[in-house]
Amino acid sequence: MTLSPTRPGAIGTPVARIEGPLKVTGTARYAVEYPVENVVYAWVVQSPVARGTLTGLEAPEGDDVLTTLWHGNAPTLSEVDDPELAVLQSPTISYRGQVVALVVAKTLEAARGAALGVELEIAQEEHDVLLRDDHPGLYTPEKVNPAFPSDTSSGDVEAALTDAATTVDVTYETPALHNNPMEPHATTALWVDDELVLYDSNQGPSAIASQVAKVFGLKSSQVHVVAEHVGGGFGSKGSARPNAILAAMAARVVGYPVRLALPRQALFTMVGHRTPTIQRVRLGATADGVLTAIAHDVVEHTSQLFEFAEQTAVVTRHMYAAPNRRTSHQLARLDVPTPRWMRAPGEAPGMVALECAVDELAAALGLDPIELRIRNEPDVEPEDGTPFSSRHYVECLRLGAARFGWDTRPRQPRQRREGRWWVGTGVAGATYPSMVMPSRATVRIDASRNVLVEVAAVDIGTGSRTVLHQVAADVLGVPLENVTVRIGDSSLPRASIAGGSSGSASWGWAVDGACRKLREELTHLTGPVPSSGLSASFDTGPDVRSRENAGKHAFGAHFAEVRVDADTGEVRVSRLFGQYAVGRVLNPRTARSQFIGGMTMGLGMALHEESVLDAATGDWVNHDLAEYHVPAHADVEWIDAAWLDEEDSSVNPLGVKGIGEIGIVGSPAAIVNAIWHATGVRVRNLPVRLDKLLTDPAF
Amino acid sequence: MKTFAYRAVTDVDEAVAAEGTFLAGGTNLVDLMKLGVAAPETLVDINHLPLHDVVRRPDGGLRIGAGVRNSELAAHPVVRRHYPVLSQALLAGASGQLRNMATTGGNLLQRTRCRYFMDATKPCNKRVPGSGCPARDGDHRNLAVLGASDACVATHPSDMAVALVALDAVARVTGPDGERTIPIEVLHRLPGDQPHRDTVLEPGELITAVDLPPLGLPSAYRKARDRASYAFAVGSVAACLRLDDQGRVDDARLAFGAVAHKPWRARAAEEALRGGPATREAFLAAADAELAAAEPLRDNAFKVPLIRNLVATTLEELR
């Protein structure tokens, strides 16, 4: 049985963030803010070349410098699943910015100063960093993340395209992007005998503890990871990053606790990025807009160290019906840092190409782009016929269109001019898989009906701590104030990472289960709760592992209105709206923040964000927040999100589908489509900056 | 950051005598020190100098103390009423917090935002003379199209300085050899083969004030940028325009930002405008007269049509 959405209680109400006052008063503690005695500081030395061999190193000495670690003297690490964690183990340099040494000193200034003075002897080799769709090294990976086939195909795409009344054959490019959380990747590490304590900024204390333990040949229980507050991650803190390993290694060597906060510039190389993509989309349709063929072929990069294959075209396997279809992924291994997860990996870049191509098809057919999408709505999963557990995409398109005011939109582009501005509107779909991962929780209640919830979840700014309070309060029928939730600590019951928009589903399920067990115990109790309290634990593992994952997705539709300056090509988003069907929404206040946060990041993807690669050095040259632009408040004049009351108890007992990522899926395409509608110019190379519009003859 | 000595001074002579790097608002210098781009031995803090006033001059113009904060200057009633181009330029720059710290003198002396200059791990002739200029073949989308050299294609990032150049403002400078005045138009240099020198200031010289002559004509600042706020210009225009009784151009002043190593006074365009019709065609032709000298690089040719359009529209709005 699921909780009824009409049941009075905390769930579904706009509870303010529990830790909000701590954050706004600066008293919430982050990874390098924990008071630790005798702490010393580390600073990274990064490779100035993109490929080569480190043959020697000369480190300055000084009173305050304790050591300079490099592969020539660093302790040998045990075993790594992620080669990026094998820090200071090998002379091989695989990308510019790779950590090659670590200076440890008594003060931050001394560490930083000495790091600047480290002299590296490097045998440099020629590097290859530019992704091209004709790169000779392109290959098809065995699978794309996390375990999808690289290529799928059914029917005869080529024949269908030849026979189609109307076709679109377009290539969209998205640049490398960087997660850039506000709090950098940072760790305070200390050893207490053979146990390691890490105050670390991450998206999953349990997972990080296991990964770090493996690297140092320890048991997971010997590593204690604390991440009580985390200043964002966007995927880049979903697994242990080199900062945690370096800090722990240094602490072991010098015998003091070590603090290491990566400088902003190092976040552009050492912790991951979203791969650039080159995506060709071909669509074939009948004259009345029924798709006969969909092909989505993706080229992207990975590093020399590790095959990370972004699942960019996978989203196309779920969106629209068509009898003939194919998707493919090819990778080039380049001398670049390893790409990793960034908010909606796969879906975010993939939907740029698909949803812009669909818009181009609508224009070619003379059809309204919403109507075109509705005509191709599948009854079941288009590739394998699995039924959807729930799919309200068409409802989102229709209701969103009504709320946004779509009906008066001229079909033709370049129709609306207001002063010096061209004005246009655009639409794009949104989807994200409804995921859940095994988690455990323990709940205790005392004689005063105070409730303590323990789960090794983490709140990276999403509001997850707050919604777990709400779940426990409702299941146990206690006021919210009676609930205390402990998260962000690997010594708590093991929980999954804050990733895949699965936090509320995964941890909420565990908390819900533990509270239900406890409620059951309470009903059998004769007399008051004993002074020692009562507790119950729940492990979702068996249920999660037997869950059918296919056909479970959240859906939505994004609507954008843009103004484009006719003199300069500057684009401003006057309205951005998301209409979603995401199962149950536990907290409308934090949910709205997640939606508009994702949409804002989508706005950045459409208009601003680009990591600019310098071919000569193999470095991303705009490696700080002054030069890597993310949207400012003034870039969007009105932004809002709404959602349907969707009930789908098959996804998990709480009926939540996940909301952390869907806002960035499709919102960039809605903006790019609106820019076309405003100006008549199709920019197929993100971000759409003024120079690309201004130099287009059609502008 | 390299260890440095710090010394606060309270009068101008003491500042000039103190050998070191002047620290005003610190909004650029401190960043550069953190990045290892600047490594002064001694910081001479000039925030306590009595240079914080804006006063009316006998000729009706203004004398702006070098220590006047950007936010204060932008909000000054005389500036808002009589020099809107300056107020608009100031408010188009940086963020509220930065404008509260940044000073008039410091804004003029800010360094380029060229991404190679800002990264001490890469060559840059401006930072390390003779080390080379990777920007010319590398990342240069927001670098110079006018007046660049083989050695350097950097741009000056200030908005305020572009307005000051259009206003014929003059810097008052005190140095070891006494006082002198330097029109802002010639304060900043073109890079030539000495790109490490941003300005004509000699070692030890301190800007104490900026004089604004009276301005009897309407003025405006237009800035194009990659995001709506908190971004440097990719192109900007400061313009002043007055028409005569027949509706022809009586007086016009134009300066361009983000196109050169210095705020670019568009003398050729002004010459083309003077006495001519105040039409969009004439404005575009005037812009073309100035931009004929442009030598765009691979990725910044868009600045030519951008400036051209900005000139025409800004003048149209002023006529």
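In chain B, strand E10 (residues 233-243) runs antiparallel to E11(B), and 8 bridges join the two. This is a predicted model, in which local features need pLDDT of at least 70, side-chain atom pairs count only at pLDDT 80 or more, and totals for chains, interfaces and linings use all residues. Residues are numbered from 1 along each chain as its sequence is written, while chains are lettered from A and ligands numbered from 1 in the order in which they are written. Strands here (E, at least two residues) and helices (H or I, at least four) are DSSP runs, numbered from the N terminus. Two strands pair if DSSP finds at least two bridges between them.

- Strand E11 of chain B covers residues 249-257. It is mostly covered, with 7 of its 9 residues buried. A residue is buried if 20 or more other C-beta atoms lie within 10 Å of its own, exposed if 12 or fewer, and partly exposed in between; the C-beta atoms are placed from the backbone.
- Cys240(B) has Arg253(B) as its bridge partner in E11(B).
- The hairpin of E10(B) and E11(B) has 5 residues between the strands. In its turn, Gly247(B) has a positive phi of about 80°.
- On to the next strand, E11(B) is joined by 2 bridges to E12 (residues 264-265) of chain B, and the two run antiparallel.
- Phe256(B) stands opposite Trp264(B) in E12(B).
- E11(B) and E12(B) also form a hairpin, with 6 residues between them. Ala258(B), in that turn, has a positive phi of about 65°.

**The five-stranded sheet of chain B**

- Chain B has an open sheet of 5 strands with antiparallel pairing. The strand order is E4-E5-E8-E6-E7.
- Strands E4 (54-56) and E7 (178-183) of chain B stand at the edges. Each has a single partner strand, so one side of each is left without a neighbour in the sheet.
- From one strand to the next, the twist averages 25°. Axes are lines fitted to C-alpha atoms, for helices over the stretch in contact, and angles run from 0 to 180 degrees between N-to-C directions.
- Strand E6 (residues 170-175) of chain B pairs with E7(B) over 6 bridges, in the antiparallel sense.
- Within E7(B), Ile182(B) stands opposite Ala171(B).

**Chain B overall**

- Chain B holds 12 helices and 12 strands.
- A compact globule of 319 residues would have a radius of gyration near 20 Å; chain B has 19 Å, which agrees. The radius is taken over C-alpha atoms, and the globule rule is 2.2 Å times the number of residues to the power 0.38.
- Along the principal axes, the C-alpha atoms of chain B fill a box of roughly 60 × 50 × 35 Å.
- Of its 319 residues, 53% count as buried.
- Take the contacts in chain B between residues at least 6 apart in sequence: 64% of them join residues at least 24 apart. Two residues are in contact if their C-beta atoms, placed from the backbone, lie within 7 Å.

**Where chains A and B meet**

- The contact takes 28 residues from chain A and 24 residues from chain B.
- Helix H12 (residues 303-318) of chain B gives the largest share of the side of chain B that touches chain A, 5 residues.
- That side of chain B divides into 11 nonpolar, 6 polar and 7 charged residues. Ala, Val, Leu, Ile, Met, Phe, Trp, Tyr, Cys and Pro count as nonpolar, Asp, Glu, Lys and Arg as charged, and the others, Gly among them, as polar.

**Lys122(B)**

- Lys122(B) is found in the loop between helix H7 (104-108) and helix H8 (160-166) of chain B.
- Lys122(B) counts as buried because it has 22 C-beta neighbours inside 10 Å.
- Not counting residues up to four places away in sequence, Lys122(B) touches Thr617(A), Tyr116(B) and Pro134(B).
- Cys133(B) is 11 residues from Lys122(B) along the chain, and their C-alpha atoms are separated by 9.3 Å.

- Strand E12 (residues 195-200) of chain A is mostly covered, with 5 of its 6 residues buried.
- Strand E11 (residues 186-192) of chain A runs antiparallel to E12(A), joined by 6 bridges. Thr187(A) stands opposite Asp200(A) in E12(A).
- Their hairpin has 2 residues between the strands, and Asp193(A) takes a positive phi near 55° there.
- E12(A) runs parallel to strand E13 (residues 223-226) of chain A, with 4 bridges joining them. Leu196(A) has Val223(A) as its bridge partner in E13(A).
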